[in-house]
Amino acid sequence: MSRWLLRRAAQGALTWGIAATALFLLVRLLPGDPLASAADLPPETRDSLARLYGLDQPLLTQLHHFVRGLLHGDLGVSILHGRPVTELIRDHLPPTLLLGASVLVADLAIALWLGTRLAARAGSVTDRWTMRALLTAHGLPPFWLGLLLVWLFALVWRILPAGGITDPMLHADTGLLARAVDVARHLFLPWLTLTLTGVVVPLRHHREAVIEALDADWVRSARARGVPEGEVLTRHASRAALTPILMVAGLWLPMILTGAVLVETTFAWPGLGWLMAESVGGRDYPVATACVLLGTAAVVFGSFVADLAQRLLDPRVAE
Amino acid sequence: MKVLATPGARVAAGTLAAFALLAAIAPWVLPDPYAIPDAIGGRLLGPSLSHPLGTDALSRDLLARLARGGAVSLQVGLMAALIATALGGAIGLTAASVGGGWDTVLMRTTDGLASVPRAFAILFAAAAWPTMPLWALILLLGVTGWYAVARIARGEAVRLMQTDALLAARALGAGRVRVIFRHLLPNVAGQLAVATALGVGEAMLLEAGLSFLGAGVRPPVPSWGSMIHDGKDVLLTAPWATLAPGLALTCAVLAANRIGDAVRDAFDPRTR
Amino acid sequence: MTLLDVRDLRVAFPAPNGAVHPVDGVSFALARGETLALVGESGCGKSLTALALLQLIPRPGRLTGGTVRLGDVEVSSLQGEALRAIRGRRIGMVFQDPLTSLNPVLTVGDQVAEGLVAHGMATRTEAAKRAVELLKEVGVADAEERARAYPHQLSGGMRQRVGIAIALAAEPEILIADEPTTALDVTVQAQILELIDTLRRTRGMAVLLITHDLGVVAGRADRVAVMYAGQIVEQAATADLFARPSHPYTRGLLASVPRIEGTLTRLAPIPGSVPPPAQWPPACRFEPRCGERFAKCAAERPPLLTAGTAHESRCWLMERGR
């Protein structure tokens, strides 16, 4: 196991490295100097930025400087904010983790539970209409859905906040529970938007996997020995169908992050996606670079976790 | 055509045709989407006879902008999807027919590139190139969307390479290029068509999202995404400015996806 | 005494030109403690017959006629909990392919124990212990350790033993073995058949043995029913069938088995091939391939006629005293 972990981790690092190289290559193909907006900064800052992000050095040298900076926690200074990039990342990472994790968990839970139930009724009216509804939700632009939800819940009904992560008017010594509730209230709409628009992706896969599993010989065997139908569905069909969902994780994670950028902006949720979007308008190339590489790292890590889960859940994979 | 067999597919095709038609006749029937007739008094008017969808914050006719924006979105979506499919198909088929070390290198690279969330990648490029023109945006959309297609094409091609038909062709000395074009491509064409159709919807959503963030189609060229962005601040007073482009975008994306499903069903050996 | 009485069983599958009936009026009886072999080539409907008994016919097939009486219970009309009470508890089934018939993500012990828990015969812990005993009973070495293994970690023969243990866990009166040795090596086949026989004797069960292999039948079955094109064409005690085969198909089957003794002769296959259900002849289904056919065979469908004591044959030759 530990050998596999090491190998897989190295593979992940290589994958990330390929992505980073490609991105740095891409930027070299584009015209103009991305650091042009740094002209007014003090010379030492400009120099460090040139080392980390400058394009007139060989690609390998830049990669070398960047990785060293990454390991030492020094990724330069934000052109827009004047603060160290690592600080900005540190401040904006938790909200994205919170949003991303809650969406991931919700989507998985719904996909597993609802996907199994729909598979048992495949072809029925319930099944067809539910799938249609979910596919329609997937076609909705997440930022538009978000706006509609804000309009309804925050402007018309006024029961939820319109944006942000906390209430700026909260008293300084409000208790932990009250703070948590406050964040939860702010989290609800962005979470709902991302969950609704994204759930069909894993759900569709799981439903298909369970439909296939229900035809399997071992399901027939289970029925032949008198296992109740409910258990046949969960213990035999759904359990054996878990692997496909995990295999899809690699495709699905980048989609969640893409959605997160749009949703965070719509709700002024101060996460990594919001930071990324802001850096575009603000010509803040260092922050943009850090965000995209961090987003990629998140996907690679998620992929790794999915592979690990697959190994743990499916005894056949380990052989 | 078998693709249009079901009523759903027909409705979808009709929807897309309607948008195309609207864009085509707009220059003759509707006001100029760029004109600003009355920047003060004509702002954010509700739907009326002269402005069926009302006006935006700069008093431009919303229906005209919707029509023009539709044309832009559809074109961007289609071209980006075509680029993505062409790239993905080329890489996937090459990897399968070359095999060995090159196959591994190509697929590993694909995995690496696919790990970058699409929106992040394009935003990154936008941050480095603030004045990115439309053609570059389309190219970027295409270049960030081919990974799944490449994997599918390669998978199918690898399977085909093992078939007797292909083993015979190679035994008879068929060169690599010939193998790709005469043997692999026709069999993978169905999957590629499906990928293109589904890719259009994805690309449109992404373009709209980028325009919403200000990093996509640049003003004053209208885009459904930027229209939604403009309407966001006046949501309470002029909801139609946000509703109309959003609905249009949703309908177009769903229509494109429905056509994609219809193409897939048409090529599915089980339903032939 | 008769344990299972099957009369006129019929299964339908939808087809482009009207439904086909791969099981078309099958009748047989199973007495306590005996082994009945259901023999036939692939496609004759023997597996479907077995599945039909437990209402496990794969979609889109349906049971459309006949009765299955188990004691005083009409199994074919049961549903839900009543049906579940029969499955595994009164009738157990061993399947052909031991690899695909076992859930790959559950341990072998779990699957053996499952039947016990499902029928309320034991708690989880009790069932787990009983599972190990059952595995011992079917001849799995190191039963305790093996119970924690996954199906793919066991050999084919071992997996089939597990399959038998699973089928017997809830102590059914009848065991249906659907081609239990087809997927196994020859050396293992004999062991499995021996095992089934021993278990039958020690538990007093009745066994319905489905097979295409006459060799399997010879030493193990008390009675044989030969199936062709969805129907039983001959039924008799084993010795009687081998000594005095009445139906031309049976005769053809026996003639095409290679023998060790005697002079070396050419194998004598039955000419032609089994027609698919959609192309079954309207009268006697074997007629086109039969070397002893005459006018009536193509004109009228033969019922099961007496061919001797407890010996029936679906052939017009019986009228002619042959």
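Me: In what order do the eight strands of the open sheet in chain C come?
Reply: Heads-up: this is a predicted model, where local features need pLDDT of at least 70, side-chain atom pairs count only at pLDDT 80 or more, and totals for chains, interfaces and linings use all residues. Residues are numbered from 1 along each chain as its sequence is written, while chains are lettered from A and ligands numbered from 1 in the order in which they are written. Strands here are DSSP runs of E with at least two residues, and helices are runs of H or I with at least four, both numbered from the N terminus. The pairing is mixed, and the order is β6-β7-β8-β3-β9-β10-β12-β11.

Me: Which are the edge strands of that sheet?
Reply: Two strands pair if DSSP finds at least two bridges between them. An edge strand pairs on one side only, and in chain C that picks out β6 (91-94) and β11 (305-308).

Me: What angle does helix α6 of chain C make with β6(C)?
Reply: Helix α6 (residues 156-168) packs on the sheet, touching β6 and β7 of chain C. Axes are lines fitted to C-alpha atoms, for helices over the stretch in contact, and angles run from 0 to 180 degrees between N-to-C directions. Contact takes C-beta atoms, placed from the backbone, within 7 Å. On that scale, the direction of α6 and that of β6(C) make about 170°.

Me: Which residue is the bridge partner of C:Gln235 in β12(C)?
Reply: Strands β10 (231-237) and β12 (311-313) of chain C pair in the antiparallel sense over two bridges. Within β12(C), the partner of C:Gln235 is C:Glu312.

Me: Is C:Glu179 buried or exposed?
Reply: C:Glu179 sits in the loop between β7 (174-178) and α7 (186-203) of chain C, with a positive phi of about 45° although it is not a glycine. A residue is buried with 20 or more other C-beta atoms within 10 Å of its own, exposed with 12 or fewer, and partly exposed in between, all placed from the backbone. C:Glu179 has 21, so it counts as buried.

Me: And is C:Asp142 buried or exposed?
Reply: C:Asp142 is in the loop between α4 (124-137) and α5 (143-146) of chain C, and its phi is positive too, near 50°. With 10 C-beta neighbours inside 10 Å, C:Asp142 counts as exposed.

Me: What is omega for the peptide bond from C:Arg59 to C:Pro60?
Reply: Most peptide bonds are trans. C:Pro60 lies in the loop between α1 (46-53) and β4 (62-70) of chain C. Its bond from C:Arg59 is cis, with omega near -5°.

Terms used. Two residues are in contact if their C-beta atoms, placed from the backbone, lie within 7 Å.
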